[in-house]
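Open the model in your viewer and keep the sequence panel beside it.

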Amino acid sequence: MNYTIEVWLINQTIIFNESTNKNIISYNNAWFMDKINISLNHSDINTQIEWESQWEYNYTFNSTKKGENLTLTFLLFKTSTDNFNYFKDYKDIIEQIIDNSYEELHIWITVY
């Protein structure tokens, strides 16, 4: 199976809407950071034994973008993805990109 992992640095504002009991997310900035392509062999899952990861990856990054409450967002795709420019702000389409991902993981960070 071929996977693509995209890494994004996102500046967002979250406001809780009390009338709907849901968070409203506004994307202020979204910068593409990296793309990782990986191919993994199919493996059956045996629930009788302890789970072992099939792939691990140490990720290091540098950023010239500064701010508080940024998210370093990892998006997993089962298909190939578009190519993005490192210096462009994709705030207008980041919600669609996130919605198209298979899985999402984000880490809240502050960059000084």
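**Stop 1: Tyr-59**

Select Tyr-59, which lies in the loop between β2 and β3; strands here are DSSP runs of E with at least two residues, helices are runs of H or I with at least four, and both are numbered from the N terminus. This is a predicted model, in which local features need pLDDT of at least 70 and side-chain atom pairs count only at pLDDT 80 or more, while totals for chains, interfaces and linings use all residues. Residues are numbered from 1 along each chain as its sequence is written, and side-chain values use heavy atoms, with hydrogens and water left out.

Is Tyr-59 buried, partly exposed or exposed? Tyr-59 has a relative accessibility of 22%, so it counts as partly exposed (buried is under 20% relative accessible area, exposed over 50%, partly exposed in between, with a 1.4 Å probe and protein chains only). Now show its contacts, meaning heavy atoms within 4.5 Å. Leaving out residues up to four places away in sequence, Tyr-59 touches Val-7, Met-33, Asp-34, Ile-36 and Phe-74. For a distance check, pick Asn-29: its C-alpha atom is 22 Å from that of Tyr-59, and the two residues are 30 apart along the chain.

**Stop 2**

Phe-74, one of the residues touched by Tyr-59, stands opposite Leu-105 in β4. β3 and β4 run antiparallel and are joined by 8 bridges. On the β1 side, 8 bridges join β1 to β3, again antiparallel.

**Stop 2: Gln-12**

Move along β1 to Gln-12, which lies in that strand. At 13% relative accessibility, Gln-12 counts as buried. Beyond residues up to four places away in sequence, Gln-12 touches Ile-25, Ser-26, Tyr-27, Asn-28, Asn-69, Thr-71 and Trp-108.

**Stop 3**

**Stop 4: the largest pocket**

Select Leu-40, Trp-51, Ser-53, Gln-54 and Trp-55, which lie nearest the centre of the largest pocket among its 29 lining residues. Elements that give two or more residues to this lining are β1 (2-17), β2 (22-39), β3 (67-77) and β4 (103-111). Colour the lining by type to see 17 nonpolar, 6 polar and 6 charged residues.

**Stop 5: the whole chain**

Zoom out. The protein chain has 1 helix and 4 strands, running β-β-β-α-β from the N terminus on. Its C-alpha atoms fill a box of roughly 45 × 35 × 25 Å along the principal axes. Of its 112 residues, 30% count as buried. Among contacts with a separation of 6 or more, 75% are between residues 24 or more positions apart.

Conventions: On a 1 Å grid over the protein atoms alone, a cavity is a set of points where a 1.4 Å probe fits but cannot get out, and a pocket is an open set with protein on both sides within 12 Å along at least five of seven lines; lining residues have an atom within 4 Å of a point. Ala, Val, Leu, Ile, Met, Phe, Trp, Tyr, Cys and Pro count as nonpolar, Asp, Glu, Lys and Arg as charged, and the others, Gly among them, as polar. Two strands pair if DSSP finds at least two bridges between them.
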